[in-house]
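Time to look things up one by one and jot down what turns up.

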Amino acid sequence: MNEPLLPPEAGLDLTRAILARTSGPACQRLHNLACAFVDGELDSAQGGLVRLHLASCPSCQSLVGALIETRNLLPALAQTNPGPWFTQRVMRATTRRPAPQNATDRRPLWWKLMHRPRIALEAAYLGAAAGLVGSYLPIPTPPVSLRVPAFVHPLGASAQRVKSQVVQAERRSTLALQQSLRPKAATSAEPRPTLWQRSSAWARARLRAFRSAPPPPAKGNEASPANP
Amino acid sequence: MELSQALPLVRRGDELAWEFFVRFFQGRVFGLAYHYTAQAEDARDLAQDVFVRIYQNLALVPDEPGCLPWIIRITRNACIDHLRRRKARPPLWDLPAEELFDLRATDQNPEEAHLAAVRKTMVHRALQELTDLNREIILLKEIQGLGLEEIAAILEVPLGTVKSRSNRARLELAQKLCAAGMGG
Ligand SMILES: [Zn+2]
């Protein structure tokens, strides 16, 4: 091997001096090749030239060092831990919302109607309305013959006797009940009272007192309301 | 469980598959939002909004390999809207490195892990000094690992621009890091 004629420092200085008077420093050319060099995409000749320049250029050395470092570091930045509660936060924010449009709900209509928050209110309203309507209907009185069950007949004479006694007792009590109701129905000539129209003993007493009291003296044309 | 297996269930609205999906992508969505906003709390809110948007469009979640670019596009749009509303360049990072990067997740010893976290923070800061286009190309190509064509579609710039800018952006980042004392 040939011995260099100049010491290394002097050789570098000479190279720089020659480049300064000819092409200028080769650093810009290296910058153009640096990424391909780091990615291993250069052929051996170009790679060798880059290595030679790096051996004598500290600034290009640190640039290529930084490129190698970022090449290893950047993919690790793709994911950053958002904190321990993030998943729960997202689940709370999403699953409380209405189901997405594409997810078909196959539950029947009655089930969906039953599981609305208003169902209790609606049931209470319907119940109250039914009670009100029912109170206007007359109280049904079932026919007497229905009150003795048919299965008593096959039991023989003693059962027939008991049956006839029961029928008579029933008939008596029904007659008594009808007797107690008849005078009221006859005097008032009004339809049978409904549950709604039945007034308390106190209200009946007040009504009787009102009817028996003489009418108040009329003041001119003014019609005074009944106010006992 | 593979993502490709979970995606049909996610589209059907299965809650468990959705939870798996959120866990699978939350680090990426938050990481990307953090790169854009530079504020952890803003990034968390944005990441949550992104998942709510995805949940409202579950039927549109594409299969792999289109799933990640689709999510990144939604995240980027949410971040750009947020920055437009804020009408300011992102401030410098609001959290120390130790809080940002989970040290327990690495198998390094605490000293090495701290050093790695400091280096990551330096890279974050250097990224903020790049031009918007160069920063986004680094974010999408080098960090998220998207292809040049996917990046061109997301950024709505010609493919040639992304190709020519790609290495220039890397070089610019490396120069910033050299100036900050890294790489020597
Ligand atoms: Zn050089």
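Predicted model: local features only at pLDDT ≥ 70, side-chain atom pairs only at ≥ 80, totals over all residues.

Below are my notes, entry by entry.

**Entry 1**

The predictor gives the complex an ipTM of 0.84 and a pTM of 0.61. For chain B I looked up the mean pLDDT, and it is 88, with 88% of the residues reaching 70 or more.

**Entry 1: chain B as a whole**

I went through the secondary structure of chain B and noted 9 helices and 0 strands. Written along the sequence, that gives α-α-α-α-α-α-α-α-α. Chain B has 184 residues, and 51% of them are buried. Taking contacts in chain B between residues at least 6 apart in sequence, 66% join residues at least 24 apart. The accessible surface of chain B is about 8800 Å², and carbon and sulfur atoms account for 50% of that.

**Entry 2: the zinc ion**

Over to chain A for the metal. Which residues coordinate the zinc ion? I wrote down A:Cys27 (SG), A:His53 (NE2), A:Cys57 (SG) and A:Cys60 (SG), at 2.1 to 2.2 Å. The spacing of these donor residues in sequence is C-x25-H-x3-C-x2-C. Two of them come from distant parts of the chain: A:Cys27 sits in helix H2 (residues 27-38) of chain A, while A:Cys57 is in the loop between helix H3 (44-56) and helix H4 (58-73) of chain A, 30 residues away.

Then the geometry. The angles among the 4 donor atoms run from 102 to 116 degrees, and the site is tetrahedral. For reference, the ideal angle for four tetrahedral donors is 109.5 degrees.

Is A:Cys57 buried or exposed? A:Cys57 counts as buried because its relative accessibility is 11%, and the cut-off for buried is under 20%.

**Entry 3: A:His31**

I also clicked on A:His31, which is in helix H2 of chain A. A:His31 has a relative accessibility of 17%, so it counts as buried. What does A:His31 touch, leaving out residues up to four places away in sequence? My list is A:Cys60, A:Leu63, B:Leu171 and B:Gln175. A:Cys60 was already in my notes as one of the zinc donors.

**Entry 4: salt bridges**

Side chains of opposite charge can pair when their charged atoms come close. Over all chains the count is 13 salt bridges, and I followed up a few.

A:Arg71 pairs with A:Asp39, with the closest N and O atoms 2.9 Å apart. This pair links distant parts of the chain: A:Arg71 is in helix H4 of chain A and A:Asp39 is in the loop between H2 and H3 of chain A, 32 residues apart. Both are partly exposed, A:Arg71 at 42% and A:Asp39 at 24%.

Now back to H3 of chain B. B:Glu41 forms a salt bridge with A:Arg89, where the closest N and O atoms are 3.6 Å apart. That one crosses between chains, from helix H3 of chain B to helix H5 (residues 86-95) of chain A. B:Glu41 is partly exposed at 41%, and so is A:Arg89 at 23%.

B:Glu41 has another partner, B:Arg44, with the closest N and O atoms at 2.9 Å. Why about one helical turn between B:Glu41 and B:Arg44? Because they are 3 residues apart in helix H3 of chain B. Putting it together, A:Arg89, B:Glu41, B:Arg44 and B:Asp45 are linked in a network of salt bridges.

**Entry 5: B:Pro62**

Last stop: B:Pro62, in the loop between H3 and helix H4 (67-86) of chain B. B:Pro62 is partly exposed, with a relative accessibility of 22%. How many residues apart in sequence are B:Pro62 and B:Leu7? They are 55 apart, yet 8.0 Å apart in space, C-alpha to C-alpha. Skipping residues up to four places away in sequence, B:Pro62 touches B:Leu7, B:Arg11, B:Cys67 and B:Trp70.

Key
Residues numbered from 1 in each chain as written. Chains lettered and ligands numbered in written order. Heavy atoms only, no water. Helix = DSSP H or I, 4+ residues; strand = E, 2+ residues; numbered from the N terminus. Buried < 20%, exposed > 50% of the residue type's maximum accessible area, 1.4 Å probe, protein only. Contact = heavy atoms within 4.5 Å. Areas by Shrake-Rupley, 256 points an atom, 1.4 Å probe, with all protein chains shown as cover. Donors = N, O, S within 2.8 Å, 3.2 Å for Na, K, Ca; no water. Tetrahedral: all angles 85-135°; square planar, octahedral: opposite > 155°, others 65-115°. pLDDT = per-residue confidence, 0-100. Salt bridge = Lys/Arg side-chain N within 4 Å of Asp/Glu carboxyl O.
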